[in-house]
Amino acid sequence: MTILDKIIAEKEKEVRTLKLETNKAAPAHQKSVVRIADSFRSTETMNIIAEIKRASPSKGSINLEVNPAEQAKKYEACGAGAISVLTDKTFFKGSMDDVRNVREATDLPILCKDFFIDTVQIDQAKAAGASIILLIVAALTPEKLKELHQYATEQGLEVLCEVHNEDEMKQAVTLDAAIIGINNRDLKTFNVSLDTFGRLASMVTNPETVLISESGIKTRSDVLHVRNSGAHGILVGETLMQAEDLTEQFQALQIPLSKGDAANAR
Ligand SMILES: O=C(O)c1ccccc1NCC(=O)[C@H](O)[C@H](O)COP(=O)(O)O
């Protein structure tokens with residue numbers, strides 16, 4: 001059983017409970033925020049989706065003491081283009097309250113980073129103030145992926161469609177996903193290879209598609225590596241959650257998006 005299988009088994013239990021609680025869901029959040037499918041294609045520097053991540057299956061505890069609202073404000077001050085909030089409790093020690101608190105603290109787009117398998121979770125994420133949800137191709141049948149993608153889109157949410165290999169990328173392309181996240185972390189071994197990004201990004205021919213490189217990004221040269229393979233944005237958790245000097249860390253990762261500015265990037 002892979003870690004993803006274990007997480008999805010837990011989600012199935014959570015969804016059963018959530019369905020009993022649906023009527024207690026808070027009203028949908030009203031703030032209007034920019035859409036990263038548009039904004040990430042018009043910036044001059046690398047877009048950073050900065051993640052609130054207390055713990056993870058691969059690393060254990062990362063930053064258990066974090067105050068998500070305060071951390072989000074710091075990320076915004078440093079120039080983040082969006083905030084990712086890991087809401088899974090069992091494996092990442094997050095919660096949907098983290099999204100609510102971050103929404104109070106910032107008007108930036110918020111990615112609810114959970115393992116979505118049912119529309120009830122999408123309703124919950126929207127009600128908490130998320131503007132983007134994650135759909136992990138490996139966690140869904142093609143039919144479910146299509147259904148949840150359509151449902152989220154109808155709710156006015158953006159979807160980050162996450163892939164790990166060629167087969168999953170073919171599905172994301174067939175879906176015509178506007179934002180595709182290529183996860184550099186192998187969910188079976190937890191090994192990270194930034195070459196995964198370039199390999200899979202080359203399969204995307206639609207110039208409108210926004211490509212995000214996810215996981216294992218630590219240094220300026222990591223960002224250069226994925227930028228040169230076509231990344232519009234990077235999703236960074238651990239490196240930012242453990243940064244001693246967040247401003248300095250952001251400056252290191254914020255390279256120009258255009259290769260023409262390569263001299264400034266080094
Ligand atoms: O991070 C993990 O160990 C993990 C394990 C299983 C499923 C998902 C996992 N992480 C979620 C993410 O996608 C990352 O938090 C995100 O890409 C940021 O990664 P990093 O910068 O390496 O913290």
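Where does Asp176 lie in the chain? Asp176 sits in the loop between helix H7 (166-175) and strand S8 (179-183). Helices (H or I, at least four residues) and strands (E, at least two) are DSSP runs, numbered from the N terminus. This is a predicted model, in which local features need pLDDT of at least 70 and side-chain atom pairs count only at pLDDT 80 or more, while totals for chains, interfaces and linings use all residues. Residues are numbered from 1 along each chain as its sequence is written.

**Ligand surroundings**

- The ligand is surrounded by 17 residues, and the closest are Ser56, Ser58, Ser215, Gly237 and Glu238.
- A residue is near a molecule or strand if its C-beta atom, placed from the backbone, lies within 6 Å of it.
- At least two residues of this shell come from strand S10 (233-236), and at least two come from helix H10 (238-241).
- The shell around the ligand holds six nonpolar, seven polar and four charged residues.
- Ala, Val, Leu, Ile, Met, Phe, Trp, Tyr, Cys and Pro count as nonpolar, Asp, Glu, Lys and Arg as charged, and the others, Gly among them, as polar.

**Helix H5**

- Helix H5 covers residues 119-128, and its buried residues are Gln121, Ile122, Gln124, Ala125, Lys126 and Ala128.
- A residue is buried if 20 or more other C-beta atoms lie within 10 Å of its own, exposed if 12 or fewer, and partly exposed in between, with C-beta atoms placed from the backbone.
- Two residues are in contact if their C-beta atoms, placed from the backbone, lie within 7 Å.
- After H5 comes Gly129, which has a positive phi near 115 degrees.

**Helices H3 and H4**

- The axes of helix H3 (residues 68-78) and H4 come within 8 Å and cross at roughly 45 degrees.
- H3 is therefore oblique to H4.
- Angles under 35 degrees count as roughly parallel, over 145 as roughly antiparallel, 65 to 115 as roughly perpendicular and the rest as oblique.
- Axes are lines fitted to C-alpha atoms, for helices over the stretch in contact, and angles run from 0 to 180 degrees between N-to-C directions.
- From H3, the residues Pro68, Ala69, Ala72 and Lys73 meet Asp98, Asn101, Val102, Glu104 and Ala105 of H4.
- The contact of H3 with H4 is made up of five nonpolar, one polar and three charged residues.

- Asp176 is not a glycine, although its phi is positive, about 60 degrees.
- Asp176 counts as exposed because it has 11 C-beta neighbours inside 10 Å.
- Phe190 is not a glycine either, and its phi is positive, about 70 degrees.
- Phe190 belongs to the loop between S8 and H8.
- Phe190 has 14 other C-beta atoms within 10 Å, so it is partly exposed.

- Ile62 is in the loop between strand S3 (60-61) and H3.
- Ile62 counts as partly exposed because it has 19 C-beta neighbours inside 10 Å.
- Not counting residues up to four places away in sequence, Ile62 touches Lys53, Arg54, Ala55, Ser56, Glu238, Met241 and Gln242.
- The C-alpha atoms of Ile62 and Met241 are separated by 7.1 Å, and the two residues are 179 residues apart along the chain.
- Ile217 is in the loop between strand S9 (210-214) and helix H9 (220-227).
- Ile217 is buried because 26 other C-beta atoms lie within 10 Å.
- Not counting residues up to four places away in sequence, Ile217 touches Asp222, Val223, Ile234, Val236 and Thr239.
- Ile217 and Asp97 are 120 residues apart along the chain, and their C-alpha atoms are separated by 27 Å.

- Asp195 is part of helix H8 (residues 195-201).
- Asp195 has 12 other C-beta atoms within 10 Å and is therefore exposed.
- Gln251 is part of helix H11 (residues 246-253).
- Gln251 is partly exposed because it has 13 other C-beta atoms within 10 Å.
- Gln251 and Lys89 are 162 residues apart along the chain, and their C-alpha atoms are separated by 31 Å.
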